[in-house]
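Visitor: Could you walk me through this model, one question at a time?
Guide: Gladly; please have a look at it first.
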Amino acid sequence: MQDRPFEALSVDTLAVRLADVAAMRDTLGEDPTAWRAREVGDGNLNLVFIVEGPRGTVVVKQALPYVRLVGDSWPLPLKRSFFEYHALTRQAARAPGRVPEIFHFDEAQALIVMEFLSPHIILRKALIEGRQPPRMARDLGLFMARTLFRGSDLCMPAGARKADLALFSDNVELCDITENLVFSDPYFDAPMNRHTSPQLDPLVAELRADRDLKVEAQRLKHRFAAGAETLVHGDLHTGSVMVSEGDTRVIDPEFAFYGPMGFDVGMLLANFWMAYFSQRGHESAGARDTMRAFLLAAIETCWEAFRAEFTLLWRTERTGMLYQHSLFEDQGDALGAQQALHHFMHDVWTDMLGFGGIEIHRRILGLAHNAEFEEIEDLDMRAACEARALKFGRHLAVNRRAIQSLAEIGALAEMLDQGEVS
């Protein structure tokens, strides 16, 4: 397949096109006529197929030369598959067991053949259904600590880290999507924006006229663009995580780039907060009080696991050019290293809150929305849930430097959800 021009796969052509891929034959069986493919991709960008054979099952993911959500009027380079492949290999090395195994990569056809995860389901779907995956919060906290720390100048040799930075700096178009759709478009009447109208119209107008909010959104955009601290997933939300009772895997890192440590953490926790505010719209089968409590507890567990693991890695794997042991521990000054860690984590905390607030806004006001809200059929109820989340997001973004704890944030979320503050 390496020598043929790019051609999008289909259910009918996949077996013939991939018949000569050794990884496919090894995993599925030698006879491609016995393979059965079905398309399952419901994302914004790519084709995704599950392919079953006599021996086993794989997932085949192929990039398209445009944004699938919009169509060929929005072209997008196939090279994003290259960045996804390289991000997955690095994440596998830095957080073993937390991403799917890669069996085959074809750069020319922009496709990856990877492990089929079963009995996993998408975390977003699980949360909408009211499930409470027991491991996911801690697993995700550990994943973020390990990938973010080990991909930074805290750990990597300077030359290797700079080479990686150069490689991922070419992921220009996907960064451009984030820079516009996340940080700018929600705050003016951008052509592809949409929101629950007319119910949210007054609040949307208020947010777009909010000078403090818009200034903070742009300060965060500046931080996103200029803060090349580590290799981040770049699109870490509950739709990019698959869970089972005993396992958690992170998928879809095609937006990977070198950015601020707090970006992944903020995006993920924002999606938990949005799931929290959506619960009143999913109570047709009964109250969701336990689910709300689960989500707030999961946020605290995820952050605490991240912080504890990051602290451990700071003490045991801080071998890069930043905060060298020769300046602190080697001089008998462990407290100096602890002080530096405190300042570092405070910066990550502040960034996390800001990016989380902006992520909430873009998911309600921009192009790509969350199913948690979209599946609420009663538009008045949907708008009420979204309005609470929007006000919460504004508080995080604008007041992030003054917020001291997740307990404080959880209390605000509960008051907003119960209508105790406007």
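The questions and answers below follow a predicted model, from its cavity to its salt bridges, a helix and a sheet.

Visitor: How many cavities of 30 Å³ or more does a search of the whole structure find?
Guide: Let's start with the empty space. Rolling a probe the size of a water molecule over the atoms shows where such space is left. For this model, the volume of the largest cavity is about 30 Å³. At a threshold of 30 Å³ or more, the search of the whole structure finds one cavity.

Visitor: Which element gives the largest share of the lining of the largest cavity?
Guide: The lining consists of Asn46, Lys61, Gln62, Ala63, Ser81, Glu84, Ala110, Ile112 and Glu254. Two elements give two or more residues each, namely helix H3 (80-94) and strand S3 (57-63). By class, the lining has three nonpolar, three polar and three charged residues. The largest share, three residues, comes from S3.

Visitor: How far apart in sequence are the parts that glutamate 84 and lysine 61 tie together?
Guide: These two residues form a salt bridge, with their closest N and O atoms 2.9 Å apart. Both glutamate 84 and lysine 61 are buried. Glutamate 84 belongs to helix H3 and lysine 61 to strand S3, so the pair ties together parts whose separation in sequence is 23 residues.

Visitor: Where in the chain is arginine 400, the partner of glutamate 216?
Guide: The side chains of glutamate 216 and arginine 400 meet in a salt bridge at 2.8 Å, N to O. The pair links distant parts of the chain, 184 residues apart, with glutamate 216 in helix H9 (residues 211-226). Glutamate 216 and arginine 400 are buried. Arginine 400 is in the loop between helix H14 (379-399) and helix H15 (406-417).

Visitor: Glutamate 359 and arginine 363 are in helix H12; by about how much of a helical turn are they separated?
Guide: An α-helix has 3.6 residues a turn, so residues three or four places apart point the same way. Glutamate 359 forms a salt bridge with arginine 363, the closest N and O atoms being 3.1 Å apart. Being four residues apart in H12, the two are separated by about one helical turn.

Visitor: Does valine 421 count as buried, partly exposed or exposed?
Guide: Valine 421 is found in the segment after H15. Buried means under 20% relative accessible area and exposed means over 50%. With a relative accessibility of 32%, valine 421 therefore counts as partly exposed.

Methods. Residues numbered from 1 in each chain as written. Predicted model: local features only at pLDDT ≥ 70, side-chain atom pairs only at ≥ 80, totals over all residues. Heavy atoms only, no water. 1 Å grid on protein atoms, 1.4 Å probe; cavity = no way out; pocket = protein on both sides within 12 Å on 5 of 7 lines; lining within 4 Å. Points joined across faces, edges and corners; volume = space filled by probe spheres on them. Nonpolar A, V, L, I, M, F, W, Y, C, P; charged D, E, K, R; others polar. Salt bridge = Lys/Arg side-chain N within 4 Å of Asp/Glu carboxyl O. Buried < 20%, exposed > 50% of the residue type's maximum accessible area, 1.4 Å probe, protein only.
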